[in-house]
There are 2 protein chains.
Amino acid sequence: MERSRRSTSADVARRAGVSRATVSYVLNGRADQAIPESTRQRVLAAARDLSYTPNAAARALRAGESRLVLLVNEGIPLGPAMSRVVDALTAEVARAGRSLVLWQSTGPGGLGPALTHLDPCLTITLGSLDDAARALLADARIPAVDAGLGGDLDPADGEIPGWLQVDHLAGRGHRHIGVLSTGDRVLRRFAEPRVAGARRAARESGLPEPSVAQVPTGEALSVGAVETVLARWRDDPDPVTAVACYNDYVAAATVAAATRMGLAVPGDLAVVGVDNEQFSRYTSPPLTTVSLDTPAFAREVWARAQHVLDGLPGEHPHDAPRFSLVLRGSS
Amino acid sequence: MERSRRSTSADVARRAGVSRATVSYVLNGRADQAIPESTRQRVLAAARDLSYTPNAAARALRAGESRLVLLVNEGIPLGPAMSRVVDALTAEVARAGRSLVLWQSTGPGGLGPALTHLDPCLTITLGSLDDAARALLADARIPAVDAGLGGDLDPADGEIPGWLQVDHLAGRGHRHIGVLSTGDRVLRRFAEPRVAGARRAARESGLPEPSVAQVPTGEALSVGAVETVLARWRDDPDPVTAVACYNDYVAAATVAAATRMGLAVPGDLAVVGVDNEQFSRYTSPPLTTVSLDTPAFAREVWARAQHVLDGLPGEHPHDAPRFSLVLRGSS
DNA sequence: CTCCTCTACTGTCACGTGTCAGTTGGGAGG
DNA sequence: CCTCCCAACTGACACGTGACAGTAGAGGAG
């Protein structure tokens with residue numbers, strides 16, 4: 001007794017006593033076909049009885065393209081903050097009658113193999129793709145839309161978090177600001193614009209040039225590494241009194257380092273992060289941070305994506321991602 | 001000038017001056033077919049020139065099943081810890097010549113629509129599926145493999161983290177232990193076994209029954225909520241001196257609450273988390289936590305999955321997930 | 001010359017779907 | 001009674017692939 005075969009529209013047709021075409025018309029609700037209610041019900045009942053599910057591959061083949069959107073994340077560790085973006089995008093794409101799935105990989109064996117098992121009608125990239133992956137998508141005629149957080153669309157976008165951090169710190173009276181960026185190769189496209197934004201804010205507020213240092217990110221980030229930088233900044237003739245950090249992880253490590261060094265936060269050293277991660281409310285003091293309006297961001301990305309899917313010419317008008325400062329105890 | 005069509009194996013055949021069958025044999029490297037080297041090279045060159053990519057949908061249709069594995073995550077917020085599991089599984093699945101993609105959703109509009117756009121040969125579930133989703137997969141004849149962290153395979157698995165936490169605290173001389181669990185509906189399947197594990201460890205160490213309390217998780221978790229519980233436990237005639245927390249987020253909030261109440265950690269109150277999240281090294285003091293051996297876990301899950309894919313009878317021998325205690329400053 | 005074998009291919013089918021162009025049967029109008 | 005029309009359906013094709021069965025032609029043995 002072998003496991004029963006999955007039922008097809010032919011099975012449904014046979015059971016309802018109609019042709020396969022009629023089944024297709026009923027199940028796809030085609031308004032231009034005259035189907036009497038009695039037949040309609042018979043087909044629907046048959047489909048229900050056999051628990052018919054259309055075959056996605058056959059559908060995609062027939063239609064010439066799938067209704068699948070692939071979110072590609074190469075190398076960016078997916079924290080809760082990014083996870084919120086994924087959730088929001090999933091909802092947005094579902095509303096459009098398509099489905100979003102995420103492919104992510106930190107290791108080798110990139111996008112290529114995945115694309116032989118999957119043909120999305122569109123890809124959305126969180127970070128940017130390397131040239132090999134980009135060529136792959138071009139060959140397969142799959143359009144790629146960049147989420148644009150790195151400022152690939154408008155360089156000004158990427159500067160916003162850094163600008164907000166320093167503008168806020170300047171408003172609090174800080175003069176010499178330290179920027180704790182990351183040396184990570186993959187994250188550079190996010191990190192560099194933020195530093196530029198911080199510099200611009202300092203300039204605009206009439207502050208001296210901020211001091212910039214790099215620490216590792218991800219698992220490699222250690223409190224000790226931050227401590228070394230803070231010690232250097234403290235011993236400066238004009239000591240740093242406030243730090244704008246690359247993200248909340250770096251900010252948390254900075255608070256920990258300051259605490260270990262006997263520096264009070266925010267009294268001796270103010271700290272600002274980016275991402276509004278959940279844990280940022282549980283540090284002591286809780287972190288002031290820069291938060292992305294996730295639903296609005298997802299809507300914006302999807303609007304651009306649909307523009308591409310609909311084959312419309314030109315670029316979709318691009319709204320800058322909306323960031324805001326979340327004021328907590330660390331500044 | 002319309003955008004050129006994606007090339008098919010027929011295009012390659014035409015360009016190489018052979019039949020489509022020959023192209024298929026060459027590109028799939030079939031050893032049982034005699035193809036002279038000259039022809040082989042001609043076909044490969046043609047494929048390269050046209051940057052041919054096989055159509056995944058057609059392949060899946062012809063093969064009767066895709067080579068796509070769907071990781072389903074309904075409701076569990078995906079932190080860096082889980083993200084590591086995803087990465088490890090992606091690598092494992094890729095090694096087997098298949099591809100893993102993640103579908104996740106917190107909102108409504110469940111798995112159903114996604115399955116009409118996608119037909120995986122297998123699904124792996126992180127949490128468990130609700131009955132509706134389970135029925136959906138059964139109808140579509142898609143096998144589902146549970147990752148098993150919730151103890152769906154062996155109830156003992158789910159108890160391990162709780163057991164490790166309390167066993168460790170007992171070894172440090174703590175007698176009255178508090179268990180800070182979660183009231184979240186979706187997480188119950190993880191939370192309850194952990195509490196059971198904690199109880200068992202207390203029993204085995206000759207400790208009195210632990211005190212158990214629930215706090216919200218996710219965005220709803222606040223330091224204040226934890227503070228309320230800690231105050232109650234402190235005022236107990238036999239005060240709680242150590243807390244086993246549901247995860248590192250709860251543990252971080254507990255450290256923050258204790259700090260706000262003037263309790264020294266670990267002097268007045270020891271705290272242990274679960275998950276070894278990255279931020280756990282940046283709290284003050286850094287968190288003692290329970291860590292999962294992610295690569296081993298991914299290998300185990302994939303071994304069970306392959307057992308199912310190969311259609312082998314019975315159950316794959318199941319290894320318990322390997323957890324270990326990471327000793328830091330909070331206990 | 002015939003028969004057989006072996007290499008190097010090719011023609012054709014099937015997978016499950018959506019859709020177009022037909023085709024049937026019955027009723028209304030002349 | 002014949003014609004026309006329309007509602008209600010059906011037959012057949014195409015999508016791109018993998019694989020089976022089949023075949024043309026060359027070459028060797030008898």
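Tutor: Let us begin with a term: a residue is near a molecule or strand if its C-beta atom, placed from the backbone, lies within 6 Å of it. This is a predicted model, in which local features need pLDDT of at least 70 and side-chain atom pairs count only at pLDDT 80 or more, while totals for chains, interfaces and linings use all residues. Residues are numbered from 1 along each chain as its sequence is written, and chains are lettered from A and ligands numbered from 1 in the order in which they are written.

Student: Which residues come nearest to DNA strand D?

Tutor: Of the 25 residues around DNA strand D, those that come nearest are Ser19(A), Ala21(A), Thr8(B), Ser9(B) and Asn55(B). Helices (H or I, at least four residues) and strands (E, at least two) are DSSP runs, numbered from the N terminus, and among these elements α4(B) gives the most to the surface near DNA strand D, with four residues.

Student: What makes a residue of that surface nonpolar, polar or charged?

Tutor: Ala, Val, Leu, Ile, Met, Phe, Trp, Tyr, Cys and Pro count as nonpolar, Asp, Glu, Lys and Arg as charged, and the others, Gly among them, as polar. By these classes the surface near DNA strand D has eleven nonpolar, nine polar and five charged residues, and the surface near DNA strand C has twelve nonpolar, nine polar and five charged residues.

Student: Why is Gly79(B) called buried?

Tutor: A residue is buried if 20 or more other C-beta atoms lie within 10 Å of its own, exposed if 12 or fewer, and partly exposed in between, with C-beta atoms placed from the backbone. Gly79(B) has 22 C-beta neighbours inside 10 Å, and therefore counts as buried. Its place is in the loop between β1 (68–74) and α5 (80–95) of chain B.

Student: What is Gly79(B) in contact with, leaving aside its neighbours within four places in sequence?

Tutor: Two residues are in contact if their C-beta atoms, placed from the backbone, lie within 7 Å, and with those neighbours left aside Gly79(B) is in contact with Gly79(A), Pro80(A) and Glu277(B). The C-alpha atoms of Gly79(B) and Glu277(B) are separated by 7.9 Å, although the two residues are 198 residues apart along the chain.

Student: What puts the buried residues of α2(B) on the same side?

Tutor: The buried residues of α2(B) are Thr22(B), Val23(B), Tyr25(B) and Val26(B). The arc is that of the directions from the helix axis to the C-beta atoms, and these residues cover only 165 degrees of it around the axis, which means that they are on the same side of α2(B). What covers them includes α1 and α3 (37–49) of chain B.

Student: How do you know that β3(A) pairs with β1 of chain A?

Tutor: Two strands pair if DSSP finds at least two bridges between them, and strand β1 (residues 68–74) of chain A and β3(A) have four bridges, in the parallel sense. Within β3(A), Ile124(A) has Leu71(A) opposite.
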